[in-house]
Amino acid sequence: MHPGNVWGGSLDAVDIDRAEAEEEEQRRRNMTDWDRGVNHSQRHELDETQQGWLLAPQDSWKKKKKRYVNLGCVSVSRTVFMWTVGSIAVLFIVVALPIIIVKSLPKHESTLPPSDNYTLAIHKAIKFFDAQKSGKLPKKNKVSWRGDSGLKDGFPDVVGGLVGGYYDGGSNGKFHFPMAFSMTMLSWSLIEYSHKYKAIDEYDHMRDVLKWGTDYLLLTFNNSATRLDHIYTQVGGGLRDSESPDDIYCWQRPEDMSYDRPVLSSTSAADLGAEVAAALSAASIVFTDKPDYAKKLKKGAETLYPFFRSKSRRRRYSDGQPTAQAFYNSTSMFDEFMWAGAWLYYATGNKTYIQFATTPSVPQTAKAFANRPELMVPSWNNKLPGAMLLMTRYRLFLNPGFPYENMLNRYHNATGVTMCAYLKQYNVFNRTSGGLLQLNMGKPRPLEYVAHASFLASLFADYLNSTGVPGWYCGPTFVEIHVLKEFAQSQIDYILGDNPLKMSYVVGFGKKFPRRVHHRAATIPNDKKRRSCREGLKYRDTKNPNPNNITGAMVGGPNKFDQFHDLRNNYNASEPTLSGNAGLVAALISLTSSGGQRIDKNTMFNSVPPLYPPSPPPPKAWKP
């Protein structure tokens with residue numbers, strides 16, 4: 001043993017190193033076994049999130065390298081490029097693809113719903129007024145065989161002349177009394193059914209027709225004056241047995257007239273003054289969108305009021321006028337007073353006019369409540385049924401109460417009685433075997449009266465329907481409103497061809513209609529050749545059809561046996577009139593389904609002031 005080795009054992013370096021190595025190896029093994037035990041015991045205690053952290057690849061912690069797409073002139077991010085391409089693809093699918101599909105489908109032209117017979121007939125009936133125009137015709141006039149005419153009417157006796165207006169029927173006379181009534185009826189139909197005219201694209205056309213008439217009526221008196229002393233009643237005319245050149249003796253186109261056309265005037269024409277006032281008042285309601293023109297119309301109507309109200313002028317316009325009496329003889333004036341008073345009130349809102357129209361002496365003098373059948377027939381000569389229905393409207397929709405209620409109630413009741421009289425079961429009027437109501441009561445031209453009655457019946461039904469009233473009483477019997485509509489339809493259907501002859505009495509409507517209408521301009525060829533006063537007679541007397549169809553003209557109509565002879569000389573049956581067509585147009589527009597089954601309740605009353613005083617303003621705020 002070495003003397004310096006106090007611990008004992010060998011001091012050999014090799015042995016010491018081997019021992020230390022073996023000892024270190026033993027410690028490493030022990031540590032490894034411990035780590036394995038720890039890891040094994042904790043591995044099952046890790047949740048999924050922790051496992052994800054531990055097991056995630058180390059690359060995920062590293063920033064990814066961006067990739068680019070080379071587009072030649074520029075390089076863009078691959079992500080931006082993919083988003084752009086995807087957006088374009090989606091836009092194509094959503095927008096472009098449907099358009100391509102639609103464009104590739106077979107094309108079909110859009111069509112309006114099929115028109116009913118009434119709509120088809122209206123298009124024809126309105127054209128009649130274009131054929132009747134006198135004066136300098138507009139370029140857009142729809143009748144190719146008509147031209148300028150009557151350009152010297154009224155000159156030099158009348159300041160400004162009397163150029164324009166409408167020829168009444170088959171002759172070339174201008175009768176202001178039925179012309180004014182016709183314009184009133186057209187205005188009434190436009191006010192109640194403007195939406196229907198618009199639906200069939202005839203609204204502007206109808207307003208042109210109306211304005212052509214009212215422009216002329218403004219010439220028939222001094223509309224710039226404050227008081228009137230006369231009114232012009234007629235231009236032209238003649239007598240049946242005349243042998244001097246005039247509108248009856250001569251058979252000429254109006255474009256060829258060269259004979260003198262006298263102008264008739266009257267200082268006492270209360271009925272005509274009232275009728276012109278009614279026409280201008282009604283038209284002013286139609287033209288409310290043209291305030292200057294509407295104001296002019298109302299001013300003219302109000303200027304006429306003191307003229308026709310004056311007791312010193314209380315005569316009928318046709319008194320002492322043979323050429324007026326022969327064609328349009330007026331038999332009363334108080335029905336026109338009621339008629340004009342109502343229209344003036346609706347146009348202006350001035351209570352003076354409704355007070356006048358409901359003054360008891362006016363309807364009593366007019367025999368409004370006499371219940372006489374002849375006074376229940378509406379026409380250019382009898383305004384009672386129309387006037388009482390017009391004021392029944394006031395009661396139904398506004399119910400003004402005192403002081404008008406008593407008279408308005410009587411007008412309402414009289415209107416109901418008139419409507420009952422039109423119905424078959426009450427046997428007030430005769431009927432033909434084919435179903436045509438004989439309102440003419442032995443006089444010619446039955447269709448004119450039937451057309452106007454059909455309009456009033458249809459309109460009364462619409463009034464009741466608009467107020468939620470299902471009908472009215474005829475004595476103890478309650479009659480539903482559809483009965484009135486069916487009556488109106490039956491009469492208009494007869495006119496349009498549902499009759500024993502299966503013939504339409506409106507020229508140009510249907511396959512069978514009158515071809516030899518009593519009408520000067522329609523019978524003479526439009527060949528630019530002028531015929532003298534008597535040279536046209538050969539065209540009147542020929543059995544050939546007219547060379548020009550006067551489209552839309554409603555002729556006088558059949559006799560009481562449903563017979564009609566298509567002869568030009570039979571003017572009572574084959575001649576159309578302005579007032580007859582006005583009634584036809586009004587009835588047709590009331591019956592057509594185009595535009596819906598309703599009326600315009602409010603336009604008529606736009607100028608009528610509130611019926612009751614406005615509520616007083618609230619008291620001022622109290623101050624201590």
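Accessible areas here come from the Shrake-Rupley method with a 1.4 Å probe, and for residues only the protein chains shown count as cover. On that basis the chain exposes about 32000 Å². Carbon and sulfur atoms supply 54% of that area.

Some ground rules. This is a predicted model: local features need pLDDT of at least 70, side-chain atom pairs count only at pLDDT 80 or more, and totals for chains, interfaces and linings use all residues. Residues are numbered from 1 along each chain as its sequence is written, and side-chain values use heavy atoms, with hydrogens and water left out.

Now the overall picture. The chain has 624 residues, and 50% of them count as buried. Buried means under 20% relative accessible area, exposed means over 50%, and partly exposed is in between (1.4 Å probe, protein chains only). The chain holds 20 helices and 7 strands. Those are DSSP runs numbered from the N terminus: helices are H or I with at least four residues, strands are E with at least two. Take the contacts with a separation of 6 or more: 72% of them join residues 24 or more positions apart. Contact means heavy atoms within 4.5 Å.

How do helix 10 and helix 13 pack? Helix 10 covers residues 334-348, helix 13 covers 384-397, and their angle is about 35° with the axes 8 Å apart. Axes are lines fitted to C-alpha atoms, for helices over the stretch in contact, and angles run from 0 to 180 degrees between N-to-C directions. The crossing is left-handed; that is, the near helix is turned anticlockwise from the far one by less than a right angle.

Who touches whom? From helix 10, the residues include W339, W343 and Y346; from helix 13, they include M388, M391 and Y394. By class, this contact has 12 nonpolar, 1 polar and 1 charged residues. Nonpolar covers Ala, Val, Leu, Ile, Met, Phe, Trp, Tyr, Cys and Pro; charged covers Asp, Glu, Lys and Arg; the others, Gly among them, are polar.

Last, the backbone. Most residues other than glycine have a negative phi, and most peptide bonds are trans. F155 and P156 are joined by a cis bond, omega about 0°. P156 sits in the loop between helix 4 and strand 3. F402 to P403 is also cis, with omega near 5°. P403 lies between helix 13 and helix 14.

Two positive phi values to close. K367 has phi near 60° and is partly exposed, at 43%. D562 has phi of about 65°. Is D562 buried or exposed? Buried, at 3% relative accessibility.
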